[in-house]
Amino acid sequence: MEGNLNALTTIFTEFYYWVTIVMMFLIHVGFCTYEVGVSRRRNHLKTLMKNAMAIPLVTVTFYFFGWWIYFGFPNGPGMVPGGLATAPFAEPWNPLMGTHLSGVNPGETGVTPTDAALWHRLNGVFWGAFLLFSITTASIISGSIIERARSGAFWIVAVLIGSVLWILDASWGWHPQGWMVKLWGYHDAYASGVVHAIAGGAALAFLIVLGPRIGKFRPDGTARDIPPHNVWLVTIGLFLIYTGFWGFYAACNIPLISPATIAGQITGDTWTATNIYLAPTTLSAITFNFLMSLSGGMMAGYIVSKGDPFWTFSMGLCGVIATSAGNDLYHPIQAMLIGAIVPSICYKLHYFVERRFKIDDAVGAVAVHGYGGFLGVVVAGFMLWGQPSSPYEGFAHINPLGNFAGAVLMFALGFAPTFVVCKILNSMNLLRVPAKVELEGVDFALNHAFVASVREVAAAEKALIK
């Protein structure tokens, strides 16, 4: 690395992303806590393990091919010239994916000693940040299908979404050179569509094929309310997700960069943070907007749901998701209003879809993430109309049509492949647990040895008391 300033910048960036990864891991502590709190007692163990085991599965598959997809496909399926991009630092067999194993120059074609010095420092933390985005995208689906889906079916879909589909759409619309940014002016700074809309689309497809929980709908078709088993766990889980979301926002920024170095497209000596598209922003701006959108969602949730804690906290999360597409550019009051209005619409949509189409979404994931993310991208297209989508010259400006088309593409990219995979699994009886197992509870029906040992210990304790 040339010069003390460059060295300091690289070391600071390495530590910055490492901290965001630690923070984002709280999202998954929150997901596990939250989903166990929603599930009924007889399904706690399987609910926990189904979600937890998505973490290592997506981690390994993202290492082998997910990371490479992000760098390989920004030009899309022939949408702009360039074809498949090369990314030696994202190939699992490359020394730069084992950064402590080689010297300064690994001798790879097109990799200079400067590149090697940079990627040896930053590759693991960049990969880790995107990995946490990947696991989050997959985990969003987990809660909606609790108490009746087979764990193996979810894990297949988790790998499909977490290591293939979401990272493909990120390459298209969340990459500084992504074709959707160039041609459509697509803008989605903190992943309303790239993460949440695609996950919501996948969750909806899974639920359509899976069907509702036994007893969810009465003979006349009206829905029964199945309240969370433990509201305290749900509350703690959602607050942990809020906390982890701070790390998510920070990881969507480049912490310290000179705009003058961005391909000569913008000039000046000021060093600044940038969004994912390398356009200047500040951590101060996203602090205002994160808190204002969260507050708008929680206040609207409290009013619309008449004080229901589950929906109050869920709509707070939806408020952040709904504003994430434009929170690098919104005024804080805009963030608050969008963060209140969009979740209110999503809340109504959840119950409309439940009544009309008999969709049993146990945690409202399709509404909070899918509808919230979709509408958030669409709203950003209108609110930020005419703003530059990128610092690079010649890129389309942000516009309603580009963002609407992008939102549709994100939702569809999650929905269509997941629907096909779930149909195949269902035809093989691998999607849903048998009715007998569901009625007994998946913990009791599928973990006889565990249940027997618990009962044995309980009997021994009872004997000692006597």
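How many disulfides does a search of the whole structure find? Zero, counting a disulfide as a pair of cysteine sulfur atoms within 2.5 Å.

This is a predicted model, in which local features need pLDDT of at least 70 and side-chain atom pairs count only at pLDDT 80 or more, while totals for chains, interfaces and linings use all residues. Residues are numbered from 1 along each chain as its sequence is written, and side-chain values use heavy atoms, with hydrogens and water left out.

View 1. Of the 466 residues in the chain, 56% are buried. Buried means under 20% relative accessible area, exposed means over 50%, and partly exposed is in between (1.4 Å probe, protein chains only). Take the contacts in the chain with a separation of 6 or more: 75% of them come from residues 24 or more positions apart. A contact here is heavy atoms within 4.5 Å.

**View 2. Two buried cysteines, C252 and C422.** C252 has a relative accessible area of 0%, so it counts as buried. C422 is buried too, at 0% relative accessibility.

**View 3. Helix 9, residues 283-304, from end to end and side to side.** With 22 residues at 1.5 Å a residue, helix 9 should span 32 Å, and its end C-alpha atoms agree at 31 Å apart. That expected span is 1.5 Å times one less than the number of residues. Its buried residues are I286, N289, F290, S293, L294, G296, G297, A300 and G301. They cover an arc of only 160 degrees around the axis, so they sit on the same side of helix 9; the arc is that of the directions from the helix axis to the C-beta atoms. Over on the other side, F288, Y302 and I303 are exposed. Among the elements covering the buried residues are helix 8 (231-251), helix 10 (309-323) and helix 11 (332-357). After helix 9 comes K306, with a positive phi near 60 degrees.

**View 4. The buried side of helix 2, residues 44-52.** H44, T47, K50 and N51 are buried in this helix. Their arc around the axis is only 140 degrees, which puts them on the same side of helix 2.

View 5. The structure holds 45 aromatic pairs. Rings of Phe, Tyr and Trp (its six-membered ring) pair if their centres lie within 6.5 Å; planes under 30 degrees apart count as stacked, over 60 as edge-to-face and the rest as tilted. F12 and Y16 are four residues apart in helix 1 (residues 3-38), so about one helical turn separates them. F12 is partly exposed at 39% relative accessibility, whereas Y16 is buried at 12%.

**View 6. N94 in its loop.** Look between helix 3 (54-72) and helix 4 (113-144) for the loop that holds N94. N94 is buried, at 3% relative accessible area. A polar atom of its side chain lies 2.8 Å from the backbone nitrogen of L96.

View 7. L278 isn't a glycine, yet its phi is positive at about 70 degrees. You'll spot L278 in the loop between strand 2 (272-274) and strand 3 (280-281), and it is buried at 15% relative accessibility. K358, also not a glycine, has a positive phi of about 60 degrees. Its loop runs between helix 11 and helix 12 (365-383), and K358 is partly exposed, with a relative accessible area of 33%.

Technical notes
Polar contact = N/O pair within 3.5 Å; in protein donor to acceptor, adjacent residues only side chain to side chain.
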